Amino acid sequence: MRKIEDIHELRQIQMGILDDVHRFCEANGLRYFLSSGTLIGAVRHKGYIPWDDDIDIYMPRQDYEQFLKTYQDPRGIYRVIDPKRESHYYYTFAKVVDQRTRMVEDEVQGYEIGVYMDIFPVDYVTENMQERERVFRLKHLLYKIRRCKLSHQNYLSSRLAYLCYRYLPITVRQLNRWIERLIVLTEPTDTVCNMTEAGPKLKGCFPAADIASSVDIAFEGRTYKTMVGYKDYLERTYGDYMTLPPVEQRVTHHFEAWWL
């Protein structure tokens, strides 16, 4: 194996994944949107944030589920990882990985996947603020329990809570079902959010109208899709997103990657 030590080489692998996901979504009428730091990079830098080393996209829940069921790369280079079907999968959202590579991150030592791109589902959330707060608290707890189950570390708030978890016969598959029933609303509302473990806190919800359609946006000299209300989404989620953060906050992820 050859270690990937140049961030530009890593980014080229990720761009290959994004290109193929874009190809598939365009060919099959599926919606996706550049999001999070990737979208900030597209708007502010016309490409990656200078210190960033990953790519994030959002998909409305219906498109996300269809993508997981149908995505195929005819060359066999890329594969989608579905958190509901992958055994011992640490994350609560999908990734498309380059199968020619291996990556290990500090956060999940011992779990290897290929260099990847993150895909987050976007779900409707209730307009009742008290109920929304309850859902966010409960999903936060269930995600912590899921982490404990997969890593055998105590991510809960107390030793007592951890002991309760240890003696409850709950499987990761059951937890995944509970979480899905909690966060996936079948009836549309006026508000949406990324409800995965990596999702924002309560303030990160934004109007469903922001993802009603897509627009073209430049990223690394190529054209991709993002949500029509991307400026509103960025302002609600990040505030003054056009201003660079302090130097101490300009950090990359900690990982090691190799070509097989």
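**Notebook: a predicted chain**

I started at Asp123, which sits in strand 7 (residues 116–125). I take helices (H or I, at least four residues) and strands (E, at least two) as DSSP runs, numbered from the N terminus. The model is predicted, so local features need pLDDT of at least 70, side-chain atom pairs count only at pLDDT 80 or more, and totals for chains, interfaces and linings use all residues. Residues are numbered from 1 along each chain as its sequence is written, and side-chain values use heavy atoms, with hydrogens and water left out.

**Asp123**

Is Asp123 buried or exposed? Asp123 is buried, with a relative accessible area of 2%. Buried means under 20% relative accessible area, exposed over 50%, partly exposed in between (1.4 Å probe, protein chains only). I then looked for a side-chain partner. The side chain of Asp123 makes a polar contact with that of Arg61, at 2.8 Å. A polar contact is a pair of N or O atoms within 3.5 Å; within protein, one must be able to donate a hydrogen and the other to accept it, and residues adjacent in sequence count only if both atoms are side-chain atoms. Leaving out residues up to four places away in sequence, Asp123 touches Arg61, Ile183, Val184, Thr191, Val192, Cys193 and Met195. Contact means heavy atoms within 4.5 Å.

**Helix 4**

I checked the length of helix 4 (residues 129–151) next. Its 23 residues should span 33 Å at 1.5 Å a residue, and the end C-alpha atoms are 33 Å apart, which agrees. The expected span is 1.5 Å times one less than the number of residues. Asn128 caps the N-terminal end: a side-chain oxygen lies 3.0 Å from the backbone nitrogen of Gln130. I listed the buried residues of helix 4, among them Arg132, Phe136, Lys139, Tyr143 and Cys148. Arg137 is also in helix 4, but Arg137 is exposed, at 55% relative accessible area. From Arg137 I went to Pro246: the two are 109 residues apart in sequence and 30 Å apart in space, C-alpha to C-alpha.

I traced an open sheet of three strands in the order 1-12-6, with antiparallel pairing. Strand 1 (2–3) and strand 6 (101–105) are its edges, each pairing on one side only. Two strands pair if DSSP finds at least two bridges between them. Strand 1 and strand 12 (residues 255–259) are joined by two bridges. Lys3 has Trp258 of strand 12 as its bridge partner.

Elsewhere, strand 10 (residues 214–219) and strand 11 (residues 222–227) pair antiparallel over six bridges. Ser214 is bridged to Met227 in strand 11. These two strands form a hairpin with two residues between them, and Glu220 in the turn has a positive phi of about 55°.

**Backbone angles**

Most residues other than glycine have a negative phi. I noted Ser36 in helix 2 (residues 36–45). Ser36 has a positive phi of about 55° although it is not a glycine, and Ser36 is buried, at 11% relative accessible area. Lys46, in the loop between helix 2 and strand 3 (56–60), has a positive phi of about 60°. Lys46 is exposed, at 54%.

**Whole chain**

I counted seven helices and twelve strands in the chain. The radius of gyration is 18 Å, close to the 18 Å that the globule rule gives for 260 residues, so the chain is as compact as a globular protein of that length. The radius is taken over C-alpha atoms; the rule is 2.2 Å times the number of residues to the power 0.38. Of the 260 residues, 50% count as buried.
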